[in-house]
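I opened the model to look up a few sites and write down what I found. The entries follow in the order I took them.

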Amino acid sequence: MDRLDNTVRPYAWGSPTAIPHLLGVEPTGEPQAEMWMGAHPGAPSRTARGTLVEVVDAGPERELGAKAVAKFGPRLPFLLKILAAGAPLSLQVHPDLAQAREGYADEERRGIPVDAPHRNYKDANHKPELICALTEFDGLCGFRDPAQAADLLAGLGVDSLKPYVDLLHAHPEDAALREVLTAVLSADPEEMARTVAEATAACARLGGAYAPYAGLAHHYPGDPGVIAAMLLNHVRLQPGEALFLGAGIPHAYLSGLGVEIMANSDNVLRCGLTPKHVDVPELLRVVRFEARDAGVLRPEASPDGEEVYETPIDEFRLSRYVLPEGGATHDLTRETPQILLCTAGAVRAGEHELGPGQSVFVPANEKAELSGTGTVFRATVIV
């Protein structure tokens with residue numbers, strides 16, 4: 001197995017302290033948003049054998065296993081991250097596989113450069129993802145019941161929001177949600193900025209359930225995404241709890257430290273809380289307008305001590321081991337590729353000693369034993 005040397009991405013929304021604290025190093029003063037573990041070409045992990053992209057390319061079946069290559073192709077199909085949100089991320093959705101393939105092919109036909117700011121599809125893959133909290137973690141996930149969203153907006157006492165409140169009381173519910181989101185994102189920017197300013201003042205005055213939206217407006221004053229966010233469920237995860245974000249589910253991460261895993265894709269359609277491009281027609285094609293519970297996941301324990309976060313897709317499988325002092329050694333040998341990430345304590349994976357924030361890549365069928373005292377996340381695929 002290979003010890004990984006991983007890149008930390010300095011996105012502006014990152015916390016300057018959370019990842020350094022986990023790694024036990026001094027903060028640089030700059031935001032540190034995500035530490036990537038995997039074979040994404042944008043920032044592949046480095047090993048003694050080269051980058052993980054080079055390692056996989058040199059022997060896909062040896063590194064990934066024959067079944068994984070047959071199912072997903074000669075590439076590692078997931079990307080594992082430590083994510084540290086010091087400020088809210090953009091409100092966004094991801095396409096399903098058919099939408100991604102269609103959108104990518106269309107933009108390729110039209111000759112839109114992959115790095116163009118108005119490009120929606122960077123690749124032809126979908127991007128389901130799972131975030132598991134290491135600290136308290138705040139986020140937005142999925143549409144509220146429209147009647148609850150109407151009550152929330154009505155409670156602000158802002159006259160310009162009344163048409164949205166009336167729409168949310170209409171039926172059917174999916175049409176009501178579609179109409180309101182369309183109206184919010186298509187409104188005159190100056191009028192919407194005034195509405196957001198009034199709503200922000202009311203959120204700050206009322207506090208309680210409105211406090212998260214006052215925080216959003218602090219980071220994104222006048223942004224229509226502040227109103228759009230009020231259509232969504234606000235959720236606060238406790239350590240060990242998780243959210244699964246499937247295709248078409250609007251979401252945003254607001255604050256906290258977590259382990260994130262996703263299919264290996266960059267496809268994001270933004271709904272707001274961002275200075276970046278918002279393609280409203282394409283967004284409306286992808287969003288699933290259905291009210292749903294946020295769907296907090298808790299791991300399901302197996303007899304051997306593995307705690308699995310169950311999701312409905314195969315490109316990744318995330319689990320964890322919480323190893324007590326003096327506990328048993330676990331045999332993690334598997335016919336699929338794995339990344340093991342320590343987030344607490346001191347553990348031994350094969351010949352490697354791992355502390356918080358350290359990780360290893362385990363090729364398919366490689367003997368892998370885990371021992372020590374601490375917490376280890378295990379990322380692999382389902383074949």
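**Entry: Glu 315**

I began with the side chain of Glu 315, which makes a polar contact with the side chain of His 126 at 2.7 Å. By polar contact I mean a pair of N or O atoms within 3.5 Å; within protein, one must be able to donate a hydrogen and the other to accept it, and residues adjacent in sequence count only if both atoms are side-chain atoms. The model is predicted: local features need pLDDT of at least 70, side-chain atom pairs count only at pLDDT 80 or more, and totals for chains, interfaces and linings use all residues. Residues are numbered from 1 along each chain as its sequence is written, and side-chain values use heavy atoms, with hydrogens and water left out.

I placed Glu 315 in the loop between β16 (307-309) and β17 (317-323). Helices (H or I, at least four residues) and strands (E, at least two) are DSSP runs, numbered from the N terminus.

A salt bridge is a side-chain nitrogen of Lys or Arg within 4 Å of a carboxyl oxygen of Asp or Glu. Buried means under 20% relative accessible area, exposed over 50%, and partly exposed in between (1.4 Å probe, protein chains only).

I then listed contacts, meaning heavy atoms within 4.5 Å. Leaving aside neighbours within four places in sequence, Glu 315 is in contact with Phe 72, Pro 77, Phe 78, His 126, Ala 263, Thr 380 and Val 381.

I checked the UniProt record next. Its unreviewed entry gives "domain: Phosphomannose isomerase type I catalytic" for residues 3-144. UniProt positions are in the numbering used here, feature names are shortened, and annotations may be inferred rather than shown by experiment. The span 3-144 is 27% helix and 25% strand, and its end C-alpha atoms lie 43 Å apart.

I looked at β3, residues 34-38: 5 of its 5 residues are buried. In a regular strand the side chains alternate between the two faces of the sheet. In β3, Glu 34, Trp 36 and Gly 38 are on one side, Met 35 and Met 37 on the other, and all are buried.

Which strands pair with β3? Strand β2 (residues 7-9) runs antiparallel to β3, joined by 3 bridges. Arg 9 stands opposite Glu 34 there. Strand β6 (residues 78-85) is also antiparallel to β3, with 5 bridges. Ile 82 in β6 is the bridge partner of Met 35. Two strands pair if DSSP finds at least two bridges between them.

**Entry: salt bridges**

How many salt bridges are there? I counted 22. Side chains of opposite charge can pair when their charged atoms come close.

Arg 62 and Glu 63 meet at 3.0 Å, N to O, and Glu 63 is buried at 2% relative accessible area. Asp 106 and Arg 110 meet at 2.9 Å, N to O. Asp 106 is partly exposed at 28%, while Arg 110 is exposed at 54%. Arg 348 and Glu 353 have their closest N and O atoms 2.5 Å apart. Arg 348 is partly exposed at 33%, and Glu 353 is partly exposed at 45%.

I also traced a network of salt bridges linking Asp 2, Arg 49, Arg 62 and Glu 63.

**Entry: Arg 270**

I looked up the "active site" feature: UniProt lists Arg 270, in an unreviewed entry. Arg 270 sits in strand β13, residues 269-272. Arg 270 counts as partly exposed because its relative accessibility is 22%. Not counting residues up to four places away in sequence, Arg 270 touches Ser 90, Leu 91, Gln 92, Lys 276, His 277, Val 278 and Leu 283.

**Entry: His 352**

I found His 352 in strand β20, residues 352-354. Is His 352 buried or exposed? His 352 is buried, at 13% relative accessible area. A polar atom of its side chain lies 3.2 Å from the backbone oxygen of Met 1. Beyond four places in sequence, His 352 touches Met 1, Asp 2, Arg 3, Val 347 and Val 360.
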